[in-house]
Number of protein chains: 2
Amino acid sequence: MTDVQQRADAGVLAVLLDGEYAALRARAREFLVEHAAFHVEAESLDRDAYRDRVRDLVVEAAARGLTASGFPAAYGGSEDFGGNVAAFETLAYGDLSVLVKFGVQFGLFGGAIHQLGTTRHHDAWLADIASARLLGSFAMTETGHGSNVQAIRTTATFDPDTDEFVIDTPDDDARKDYIGNAARHAEAAAVFAQLVVDGTGHGVHALFVPLRDPSGATLPGVRIEDCGTKLGLQGVDNGRIWFDGVRVPRTNLLNRYGDVSPEGVYSSPIENPDRRFFTMLGTLVQGRVCVGGAGITASKVALTIATRYAAERRQFGAAGQPETVLLDYGQHQRRLLPLVARTYALHFAQERLARDFHEVFTAGDATTERRRRALESRAAATKSLATWHATRTIQECREACGGAGYLAVNRFAALKADTDVFTTFEGDNTILLQLVGKGRLTDLKDEFGSLDGVAMARYIGREAAETLAEKVIARSVIERVRDAARGHDEGEPGGDLLDPAYQLRMLRTREERITGSVARRLKAGMDAGVDPAEVFSRCQHHLLAAAAAHAERIVLEALLTKVEAMPTGPERDLLAKVGHLHALSEIERDRAWWMEHGRLSTERAKSVTRAVDTLCRELRDDALTLVAAFGVPEPLLTQEI
Amino acid sequence: MTDVQQRADAGVLAVLLDGEYAALRARAREFLVEHAAFHVEAESLDRDAYRDRVRDLVVEAAARGLTASGFPAAYGGSEDFGGNVAAFETLAYGDLSVLVKFGVQFGLFGGAIHQLGTTRHHDAWLADIASARLLGSFAMTETGHGSNVQAIRTTATFDPDTDEFVIDTPDDDARKDYIGNAARHAEAAAVFAQLVVDGTGHGVHALFVPLRDPSGATLPGVRIEDCGTKLGLQGVDNGRIWFDGVRVPRTNLLNRYGDVSPEGVYSSPIENPDRRFFTMLGTLVQGRVCVGGAGITASKVALTIATRYAAERRQFGAAGQPETVLLDYGQHQRRLLPLVARTYALHFAQERLARDFHEVFTAGDATTERRRRALESRAAATKSLATWHATRTIQECREACGGAGYLAVNRFAALKADTDVFTTFEGDNTILLQLVGKGRLTDLKDEFGSLDGVAMARYIGREAAETLAEKVIARSVIERVRDAARGHDEGEPGGDLLDPAYQLRMLRTREERITGSVARRLKAGMDAGVDPAEVFSRCQHHLLAAAAAHAERIVLEALLTKVEAMPTGPERDLLAKVGHLHALSEIERDRAWWMEHGRLSTERAKSVTRAVDTLCRELRDDALTLVAAFGVPEPLLTQEI
């Protein structure tokens, strides 16, 4: 019978979502299922006991090979960068303190030794780090400097007499702060400090610095305090570290990008100090890639719980009949389904990001500067959208579950609290989007130097903004304008809203127009002789809009590319519809912009809203399939909803 | 010198915000300051000890007279309804577990005895409740029924042989759930149950039911379990209660709106069961009024911390200069200042609501049905906007403080967790807005019966929707359309954006147009013979938009009315600007709607965005003044930011 429509299968979709690392993800899920009772157990433990259990789980994860992808074969690993991200994303279904401590140990601490160190450091420590025999911290952030890492004030001063570096914390503002693993477990840390040789500063470098002796006592000159209770992630022992004349051998300098000879001569393969700094930071992009992925995973957990609840819970209805299931209410569909759709879109954007990350890092020094910069921009864009999405989604899901959502047993308490800092750590989202926005304004990175607002504003002042915009943007604005105008005339009032090409054209047009217009505003401000900081401040909101528009475009592009590559069938049909809902929800949200810029008639704007309503209604019966495909292990799902 | 502009004074604004209950608020602040260290102390306590300390503080608040306003003079109070709200709002600067337990004891439990009981109940219990000698619960919600209270399933069956009611929990779905005070401290509860007399149900009524003996042991037939860890409010002992043949004297029925004679004859001053039910619920509106106020207070705390941090914290900037203060960044102004402005607007809307509440309840039975309904609608509208605002504001402020915002000592952890349920309890916000929307569709309440969607849709089907809309809306649509059209032509492209009359006209037009159009859609659906539940589901999102538009209008109106009444001077000038920022932020947020409906040209829409930018920049230097006026007691403010 041709009119029997085959429904999409959650299993088929789950395979699609798990992608090429399905086997690794399956192993990570097994590990989580074995420890599914952990969050209940955690509740009964005091802080120290909880933290020790978290450490035990991190150690066990290493023993189970879940960290192997992160390290070279010589040290027990498989150096599979994409696999490392996949393992991290999957572990995010479980307790997020375990995840973050895992990330600190293997990703940040291990990653710094791996990426910033050289063979002697790898030989000395990587095997022990990979197996979690050597626990460590990543000591970068200071109380006074979180986002502006380049301005940290801890010093590492070379002492040629003893062939050592001396680490010092000048004052409380420069204490290392929020350092995961530091308060209780770390035996050592990758410490970021201003390198000083013979009175000359060479900028931020990292050193391997022991913190504790085998008994757990801090070493002389090291002072550590607990950061105290946090909003979430209580299982992670964040601490503050002060250094007072702590000495380490010269060879503890992680010297891939900068070294000091016994004679006290500084050398670096990268001449420009700004470029050197950003290159070093760039090698640590993995943390950013991972956190965005974890945010998406947390959103999946929240949406699975809330959608299942909505499909069961009844409230109100016609007299004499069973009460109505929440998911049958139009508003409830509107609350949940666009978030489900966006989670799919972000999943595929994250998959694309992880692939780029894998390729760039597998290529190592053979990759190009341009590819590295593109990766960093994509990581920043995806991380900020993904983590803001997590905050919003978890909140909406909690509310959609009413009072039941407020019970800790139903997981939203931990999901909310633990993911809340995802928008801040591994790069504050606003700063990251700013980075994306600046990147969009030029690919001439060297011209930018420190990438700060003033330098950028000056730069814009030197160039014709229109030319710049055209140089940056792949296809010419004119072509886009023509395309969009065509789209505008064609389908009115709605026929081709469901054409992915139209949807993508809309997002591209917005991106290009905003980028061009913020460039013009920056230039005009400079031309008028306004203080550069003031120019930047006034244009900042606009610049962030440009960045967000770019981020939204690449997310949609990733989703559409994925759907296009699927074999025909009910799963493809369903994901195509999910794509429509995602794209049109975004167009609906910001439809004012397109109207203001003559790219959307008011009638067509209204039809976008109607289309979103219709898509939500049509997807209602596939809602459970869509969340089942997220593959949240059943034992990790709520117990009382 | 005429060009020396006098700056607004925070003290003058604080007096304005504290309003007529300044003395009472000052006493509540004193109480909080004395216990300012409580949240630090609370961290070191286990759950039971924490809860006992919370109870002690609630008892002490009563001893300090902070609850007096809630009760009649005969029982040690002053029966000042407005004062009661003011005390609650002010206590919300402090620990919110104390606040919520306070609200359960004096507002919900005490309020039920007060409002639903009669003299015999007042004489027996009110003095002890007011002094917290008798601790109690408000046992309404069941696991299966939170929003749809009318469908709760606990029964109170009259036994004429013993002149008693027998309370029963038919199954786990009907257990009382989330009952504050129940898990540990309540000796009694106001229990809501289906009243059954001689096999006939008379709908939901409340009874005074003892739960525990003086030793704290539960009484025979009563079973209580702890709800376990929640997302927040751990200091409140929420519990679940099952009743198994629990007997109470017939006279324990709180019989203001329904009574049973010893002979088993049911009587009520209100014939219609639906009307009776909603009248009873209406007497409990105080909780809703209070929670909205608490949400606004919590927003003030968050904004004070974040604004002060933003005015101190520096990050990035031009080389060789001090780093830039966060508040000098355009984006940071954009993040915080519209929220400050909206907090002012909501404060004045809440003040207006509290005054209406005071007047209606002071008038008692002398008030009109119409006024009561208007109060309930205003309470629902204000509570939902205020509590969603709290969730959003606290989140934004946490993020704006970066990692520092994630430390528990800086209060966002508790603020986020404790206020999260404000959007759910005392009426789920979505359900409340739905109530507002339905109320806007008709003032012919009796026609509606149960107010459920189907009945409403049927009702709409019987009336000409256009006529109905005109009857409901105070001024005629035609007049509004004329006004708005005038406004539209006049000031283009921006001159009169700062005219409060224009701003209000915009919000009124939107409200009236959406209300009219949803009425037409409902009618059209019914006319077409679509299943009423389906019609409602499809129009629900639209109906909620109508309600939100109404709520936004009354909030702006309250703000503008307040500013207009202020004496001229720098404080009035400042609040006028705050009003502009609030109004234009709202118009900016939903500008698509006005464009789609021909009430805003695209050029004018862009000028709204520019005006918001400008207002944020202009208000930057008054930001600290605006938050200082919130009057958060200094010792309650953050310790490490």
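Domain bounds are taken here from an automatic or database domain assignment. On that basis chain A divides into domain 1 (10-130), domain 2 (137-273) and domain 3 (287-628). The structure is a predicted model, in which local features need pLDDT of at least 70 and side-chain atom pairs count only at pLDDT 80 or more, while totals for chains, interfaces and linings use all residues. Residues are numbered from 1 along each chain as its sequence is written, chains are lettered from A and ligands numbered from 1 in the order in which they are written, and side-chain values use heavy atoms, with hydrogens and water left out.

Within chain A, six residues from domain 2 of chain A and 10 residues from domain 3 of chain A form the contact between these domains, contact being defined as heavy atoms within 4.5 Å. The size of an interface is often given as the accessible area lost when the parts come together. Buried area is accordingly the accessible area (1.4 Å probe) that two parts lose on being put together, summed over both. Domain 2 of chain A and domain 3 of chain A bury about 580 Å² between them, with 55% of it on carbon and sulfur atoms. Of the area that domain 2 of chain A buries against domain 3 of chain A, 62% is supplied by A:Ser147, A:Leu231 and A:Leu233, more than by any other three residues.

Between the chains, 76 residues of chain A are in contact with 76 residues of chain B, and the area buried between chain A and chain B is about 6,000 Å², of which carbon and sulfur atoms give 49%. A:Leu231, A:Tyr406 and A:Glu596 supply 14% of the area that chain A buries against chain B, more than any other three residues.

The UniProt record, in an unreviewed entry, places the feature "domain: Acyl-CoA oxidase C-alpha1" at residues 282-438 of chain A; UniProt positions are given in the numbering used here, feature names are shortened, and annotations may be inferred rather than shown by experiment. The end C-alpha atoms of this span lie 16 Å apart, and the span is 75% helix and 0% strand, where helices (H or I, at least four residues) and strands (E, at least two) are DSSP runs numbered from the N terminus.

In chain B, strand β8 (residues 239-249) pairs in the antiparallel sense with strand β3 (residues 164-168) over five bridges, two strands being paired if DSSP finds at least two bridges between them. In this pairing B:Phe165 has B:Val248 of β8(B) as its bridge partner. Strand β4 (residues 176-179) of chain B also pairs with β8(B) in the antiparallel sense, over two bridges, and B:Lys176 stands opposite B:Ile241. Strand β7 (residues 222-226) of chain B pairs with β8(B) in the antiparallel sense over five bridges, with B:Val222 opposite B:Phe243.

The loop between β7 and β8 of chain B holds B:Leu233, which has a positive phi of about 50 degrees although it is not a glycine. B:Leu233 counts as buried at 4% relative accessibility (buried means under 20% relative accessible area, exposed over 50%, partly exposed in between, with a 1.4 Å probe and protein chains only). B:Arg411, found in the loop between α11 (369-400) and α12 (412-419) of chain B, likewise has a positive phi, near 80 degrees, and is buried at 10% relative accessibility.

The structure holds zero disulfides over all chains, a disulfide being a pair of cysteine sulfur atoms within 2.5 Å. For B:Cys401, the nearest cysteine sulfur, that of B:Cys397, is 6.7 Å away. B:Cys401 is buried, with a relative accessible area of 1%, and B:Cys290 is buried at 7%.
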